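Today I am looking for the open spaces in a protein. I will jot down each thing as I look it up.

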Amino acid sequence: MAVDKPPLLPALLVLLLVLPAATCAASDAEPEEFQIPRDGRVVELDDGNFEAAVRTADLLFVDFYAPWCGHCKRLAPQLDEAALVLAGLSKPIIVAKVNADKYKKLGSKYGVDGFPTLMLFDHGTPTEYSGSRKADLLIENLKKLVAPDISVLESDSTIRNFVEAAGTGFPLFLGFGVDESLISEYGAKYKNKAWFSVAKDFSEDMMALYDFDKVPALVSINPKYHEQSIFYGPFDDGAFLEDFIRQSLLPLTVPINKETVKMLNDDGRKVVLTILEDDESDENSLQLIKVLRSAATANRDLVFGYVGVKQWEEFTETFDVSKSSQLPKMIVWDKNEEYEVVEGPERLEEGDYGSQISRFLEGYRAGRTIKKKVGGRSPTLLGVNPVYILIVLVAVLVVMMYFSGQGEEDHRPRQRAHED
């Protein structure tokens, strides 16, 4: 029995009509965007998915590392710990890493010239991170970096939430009844050093809590050191306002260590430095530090710091102080290569510390001091006295010139050698 075959021409026409539509649909489809896991793991990126990750994550913190780098290996567990917390923030920060030794072009694109290099990409804009690499401090620093310059608080509850979220890593400035425009400049300038906010609406409970009785008032809080101070103005004089902000960035009495030395270098004041045998457990030292805090309150043009020989002997030796020295001792340090000793007894005797500190400050302000040079290694950020670096460089240069002259001496007149 014969079977009817479908007409060939109509079938071809249908196929020609369907294929272009299918082809167009395929070409119009967007490529699937890179999906970053949000479970707190550190994401491994390469040159194939890096740019997609930067586009996808609003906030991406990247560790450009090398597998052979010892610093990178020590950093890795800190990043693992921080990543879990950062991924859970209201504005998550995704932590990623790139083997920049393998993907050299990618590292070169972002200026990576050492390992590890840490970089925060805020909506695609990279900023190199140079702060602490310990997990807890890393978290605090990154939270601060991605926060707005100034937060506007609308109620008592938002004030409490702001203070709680800020934590204890940085000083806080709360402006009550303060126009945002008056402190916006300083919020941007000191963004990496403190939290800034203005409260638009608040109750008398807040006034009682922060101990101010009129507005406008700028309340400074240093939660790490349990300190608070209040500025009532004038707000239209930028010099007074900035002085208050700058001075409030440091505690009244600064425990001197490698971190706070960096903070001191950003402050223009000289340091009244008290050198103790032990600044942690000795009862007399704790009593002296308490008196220093009172002196600092009345002398805000100076920074008051203290350091124990047991805590940082290398630092105290630069001021000709060792464990065998008569302590405690007070000096005034310019934070560079010079310090001053007030004429008279150098050692603070146990007992009336307040009177002895007052006499020391009176002698300093009257100019009854002996100036000395910082010896050994300078307590600067580099940890090495620049004067000695210069001496070594000059000595090396002289030696090189000498041997160069010896090699050329046979080929030039003696008089020419003397002229050189």
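**Pockets in the model**

I began with the largest pocket, and its volume is about 1500 Å³. I keep in mind that this is a predicted model.

Which residues lie nearest the centre of the largest pocket? I found Asn141, Phe170, Asn192, Glu259 and Met263 there, among 36 residues that line the pocket.

Next I checked which helices and strands take part. I noted that β5 (125-129), α5 (135-146) and α10 (258-265) each give at least two residues to this lining. Helix α5 gives the most, with 6 residues.

I also sorted the lining of the largest pocket by residue kind: 12 are nonpolar, 11 polar and 13 charged.

**The second pocket**

I turned to the second largest pocket, which holds about 340 Å³ of space. Its lining includes Leu89, Lys91, Lys143, Pro148, Phe162 and Trp195. Here α5 and α6 (156-166) are the elements that supply two or more residues. This time α6 gives the most, with 3 residues.

How does this lining divide into nonpolar, polar and charged residues? I wrote down 8 nonpolar, 2 polar and 2 charged.

**The whole protein**

Last, I stepped back for the overall picture. I counted 15 helices and 16 strands. Of the 420 residues, 40% count as buried. The accessible surface comes to about 24100 Å², and carbon and sulfur atoms hold 55% of that.

I looked up contacts too, taking those with a separation of 6 or more: 67% of them join residues 24 or more positions apart.

Technical notes:
Residues are numbered from 1 along each chain as its sequence is written. This is a predicted model: local features need pLDDT of at least 70, side-chain atom pairs count only at pLDDT 80 or more; totals for chains, interfaces and linings use all residues. Side-chain values use heavy atoms; hydrogens and water are left out. Helices (H or I, at least four residues) and strands (E, at least two) are DSSP runs, numbered from the N terminus. Buried means under 20% relative accessible area, exposed over 50%, partly exposed in between (1.4 Å probe, protein chains only). Contact means heavy atoms within 4.5 Å. Accessible areas come from the Shrake-Rupley method with a 1.4 Å probe; for residues, only the protein chains shown count as cover. On a 1 Å grid over the protein atoms alone, a cavity is a set of points where a 1.4 Å probe fits but cannot get out, and a pocket is an open set with protein on both sides within 12 Å along at least five of seven lines; lining residues have an atom within 4 Å of a point. Grid points are joined across faces, edges and corners, and a volume is the space filled by probe spheres set on the points. Ala, Val, Leu, Ile, Met, Phe, Trp, Tyr, Cys and Pro count as nonpolar, Asp, Glu, Lys and Arg as charged, and the others, Gly among them, as polar.
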